Amino acid sequence: ELFGLKAQSLIPQLQRQSRSFHTIYLDPPYDAEHTGRPLSLLLIELIDGAGLLEEDGLLAVQHFKGLELPCLQGDLTLARQRPYGDTVLSQYKPSSS
């Protein structure tokens, strides 16, 4: 399912609807910031806080290699990172899985 809204607006809507997903893919613009922080970091926090990822799900975040993502974000654990040139694909899984 694809959504045509900014993720920071969409996530609270999906939470109110009690939606959850097996796979979530984030690819925000690499230089995008929200309140002075990288947008990727904010979106990971929002997804974790909203409980949008199913228990056996996967959150994939594409980002610039210079952005270091946390190993643990709430209930999400960084499971794997794959570099592709200047890009990294980071994969988070729920800590309980």
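Phe64 is partly exposed, with a relative accessible area of 38%, where partly exposed means lying between buried, under 20% relative accessible area, and exposed, over 50%, for a 1.4 Å probe and protein chains only. This is a predicted model, in which local features need pLDDT of at least 70 and side-chain atom pairs count only at pLDDT 80 or more, while totals for chains, interfaces and linings use all residues. Residues are numbered from 1 along each chain as its sequence is written, and side-chain values use heavy atoms, with hydrogens and water left out.

How many aromatic pairs does a search of the whole structure find? The search finds 2, a pair being rings of Phe, Tyr or Trp (its six-membered ring) with centres within 6.5 Å, called stacked when the planes are under 30 degrees apart, edge-to-face when over 60, and tilted otherwise. In one of them, the ring centres of Phe3 and Phe21 are 6.2 Å apart and the planes stand at 85 degrees, so this pair is edge-to-face. Phe21 counts as buried at 15% relative accessibility, whereas Phe3, at 33%, is partly exposed. Tyr30 and Phe64 also form a pair, a tilted one, with 6.5 Å from centre to centre and 45 degrees between the planes. Tyr30 is partly exposed as well, with a relative accessible area of 36%.

Let me turn to Asp48. Leaving aside neighbours within four places in sequence, Asp48 is in contact, meaning heavy atoms within 4.5 Å, with Gln73, Gly74, Asp75 and Leu76.
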